[in-house]
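Hello,

Below is the structure I said I would pass on.

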Amino acid sequence: MDSAKNDSAKHAANPNYSRENKAAVDLPNEQWKKILPEDVYYVARMKGTERPWTSPFETSKEVGTYYCAVCGNALFRSDTKFESGCGWPSFYEPISKGSIIYLPDHTLGMERTEVECGRCKSHLGHVFNDGPPPTGLRYCINGVVLDFEKAKEAEKKYQEKGKS
Ligand SMILES: [Zn+2]
């Protein structure tokens, strides 16, 4: 079975998942609860936080694109991922301006900025001001709400060529 098939099986219960459709998705939580896996629902819709160091994406160095696991919206490119040591997958820049929504978060006695998916408004994590250049930002993202797709072999080779 190839990974594309695995992916569609994973999202079979969720008709809102699409890599092509950019239209906003607005569903009440009782609907999401029926179609999302429990761990994804907890983080994405209840603004939960996965335990640190539990996401396989945290240490992954594979070349490709990270998508919202709830709706398929493209969020981050692997070349903006860095090792922050915080225990969650970290990026310094989203794939485009509209891919992410920013909201003030005053919970837990802290002043933080929450980041949500620009298409389905699912909770992704937070953004902090202690990231590396060029943005100085650290998008600290729960791996459970990310889907990853490896860059095509040709694309990967092209990128490696560009580096040398
Ligand atoms: Zn989404």
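In this predicted model, the largest nonpolar core has 33 residues, and V40, C68, V70 and V145 touch the most other members. At least two core residues come from each of helix 3 (38-46), strand 1 (64-68), strand 2 (74-77), strand 6 (112-117), strand 7 and strand 8. Helix 3 gives the most, with four residues. Leaving aside residues up to four places away in sequence, V40 touches A69, V70, V144 and V145. As background, nonpolar side chains in soluble globular proteins tend to be buried together. Over the chain, 33% of the 164 residues count as buried.

Six strands make up an open, antiparallel sheet with the order 3-4-8-7-6-5. Strand 3 (81-82) and strand 5 (100-105) are its edges, each pairing on one side only. Inside the sheet order, strand 7 (residues 123-128) and strand 8 (residues 138-141) run antiparallel and are joined by four bridges. G125 has I141 in strand 8 as its bridge partner.

As for the whole chain, there are four helices and nine strands, and along the sequence they follow the pattern α-α-α-β-β-β-β-β-β-β-β-β-α. The radius of gyration is 16 Å, close to the 15 Å that the globule rule gives for 164 residues, so the chain is as compact as a globular protein of that length. The C-alpha trace spans about 50 × 40 × 30 Å along its principal axes. Among contacts with a separation of 6 or more, 55% are between residues 24 or more positions apart.

Regards

Methods:
Residues are numbered from 1 along each chain as its sequence is written. This is a predicted model: local features need pLDDT of at least 70, side-chain atom pairs count only at pLDDT 80 or more; totals for chains, interfaces and linings use all residues. Two strands pair if DSSP finds at least two bridges between them. A nonpolar core is a set of buried Ala, Val, Leu, Ile, Met, Phe, Trp, Tyr and Cys residues joined through C-beta atoms within 7 Å. A residue is buried if 20 or more other C-beta atoms lie within 10 Å of its own, exposed if 12 or fewer, and partly exposed in between; C-beta atoms are placed from the backbone. Two residues are in contact if their C-beta atoms, placed from the backbone, lie within 7 Å. The radius of gyration is taken over C-alpha atoms; the globule rule is 2.2 Å times the number of residues to the power 0.38.
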